[in-house]
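Here are some notes to read alongside the model, written as numbered points. I hope they are handy when you go through the coordinates.

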Amino acid sequence: MSRARRPAPSIRQRLVVQLVVVAALLSGLLYLSVRTVADAAVETTQDSILGAATTTIAEEIRGGEDGIEVDIPYTAFSMLGAIGQDRVFYRVMVGDETITGYDDLPPPDGAAATLEPRYYTRSFRDVELRIAAVSRTVLVDGRAVETVILVGQTRQGQAAIVATMANRAAALGLGFFVVATLLSIVTAGTVLRPVNRLAEAVGRRGPQDLRPIHRDVPRELAPFVTALNGFITRLGGALSRTETFIAEAAHHIRTPLATVRAQAEIALRQTDDDATRAALRSVVRAVDGSARSAGQLLDHATVVYRTDQRTDERLDLGALTRDIARTFEPTADLREIAIALDVPDTPVSVTGDRLLLESALRNLIDNAIKYGAPDTQVEISLTTADGAARICVLDRGRGLSGAKALTGRFQRGENVGDIVGSGLGLTIVQEVAHAQGGTFDIVNREGGGACAILQFPLS
């Protein structure tokens, strides 16, 4: 059991999806970049303020004969309070002894810097602190004593600033993504515009226009145009060979068959032997069948070929019907069948290929005469209604048997086995009607016989 192949997505869809995916990745990278930079910038700014406050406290430490004097200035804490509603912790140490502040505020790993504050992050009383540490040496009773000043601050203010910046970065990334998506759609249309224009240029060509394509296209489409021109050249050559083959086949098949038939008829007139005459009649009958089959096959091949290579022109369907009906009068007289023609004198204009219309009418009238009973008439009428020209061909023959299959190739009725035929006549009529935008139907006629109805749109 074969699976139905899913249609491949269009190039435009693939291109838009790829560009949108790239835009999404770039938007995500933009968000992460802005957030990372904002986080680093806010942390650097807060560290600078925290370091400045720590340095300010360190500068106010004095040493004397009686010990160390610590005067914590108000400006130090006012600087830290300007950032937000964070809590501040401090500690002043001499050696391992805490002079003032929180004695459990964690010191840095290793020695504190003496010139620039040292920054580190610790967990303190269930909160995360950013701590700055500065070391300063003071003289106490003529002796150098090293003091360490620690100032820590919670990070809620920094987190709030970073969250605000992150929201702005997200909005910026989303805006970038929306703009990039719109640009992706426009870009996909712009990129594929040369392909669409090339398709329109090829689609506007008629069935006989097999000229090479000479059009300025992007460099990437040049191989495609070259391959298409090569295909058009090969197609033109194949169609030319097909037309030549049909013409040559018609000549090389019909001429020998006509010669054989003529020789058989001459021999039939010259012999008196009944067995020989019966054999010659069989030969004539077989030649007639072969000639008819060969002619129908060639006519069908011509119709198939002309379907894609039509030469449409404005035609008077009434005059065409009269001319073809006259060509069948000798054949009808031989079978003692009269042709009753009802065609209006005013022109009935249709647009179509003359060869195809002639082939369809010839097959309809030929079938009516061939299957019609002697001493009857074939009625051919042409009427117009509802914007269509309607040709009706009626006979008083055997009627239809297996009517649903009669328009198929090599299909014949069950009641005409004794009459020479190929089973292609109605197939040709059906294909001509389809090629010219018309319809064809054949039904049994009341009282016996068949009614074939062929319609074409008026021009």
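1. First, a convention for helix pairs: a crossing is left-handed if the near helix is turned anticlockwise from the far one by less than a right angle, and right-handed if clockwise. By that rule, H1 passes H3 in a right-handed crossing. Helices (H or I, at least four residues) and strands (E, at least two) are DSSP runs, numbered from the N terminus.

2. Please keep in mind that this is a predicted model, where local features need pLDDT of at least 70 and side-chain atom pairs count only at pLDDT 80 or more, while totals for chains, interfaces and linings use all residues. Residues are numbered from 1 along each chain as its sequence is written, and side-chain values use heavy atoms, leaving out hydrogens and water.

3. Overall, the protein chain contains 9 helices and 14 strands. Of its 459 residues, 36% count as buried (under 20% relative accessible area with a 1.4 Å probe, protein chains only; exposed is over 50%, partly exposed in between).

4. Back to the helix pair. The axes of H1 (residues 11–59) and H3 (residues 156–203) come within 8 Å and cross at roughly 160°; axes are lines fitted to C-alpha atoms, for helices over the stretch in contact, and angles run from 0 to 180 degrees between N-to-C directions. H1 and H3 are therefore roughly antiparallel to each other (angles over 145 degrees count as such). The residues of the contact of H1 with H3 divide into 27 nonpolar, 8 polar and 4 charged. Here Ala, Val, Leu, Ile, Met, Phe, Trp, Tyr, Cys and Pro count as nonpolar, Asp, Glu, Lys and Arg as charged, and the others, Gly among them, as polar.

5. Next, the sheet. An open sheet of 5 strands has the order S4-S3-S7-S6-S5, with antiparallel pairing; two strands pair if DSSP finds at least two bridges between them. S4 (97–101) and S5 stand at the edges with a single partner strand each, so one side of each is left without a neighbour in the sheet. S6 and S7 (residues 143–154) are joined by 12 bridges, and Val 134 stands opposite Ile 149 in S7. H1 lies across S5, S6 and S7, at about 30° to S6.

6. Finally, two backbone spots to look at. Asp 126 has a positive phi of about 65° although it is not a glycine, and it is found in the loop between S5 (118–124) and S6 (127–140). Asp 126 is exposed, with a relative accessible area of 81%. Glu 336, in the loop between H7 (329–334) and S9 (338–342), also has a positive phi, near 55°.

Definitions and conventions:
Parallel < 35°, antiparallel > 145°, perpendicular 65-115°, else oblique. Contact = heavy atoms within 4.5 Å.
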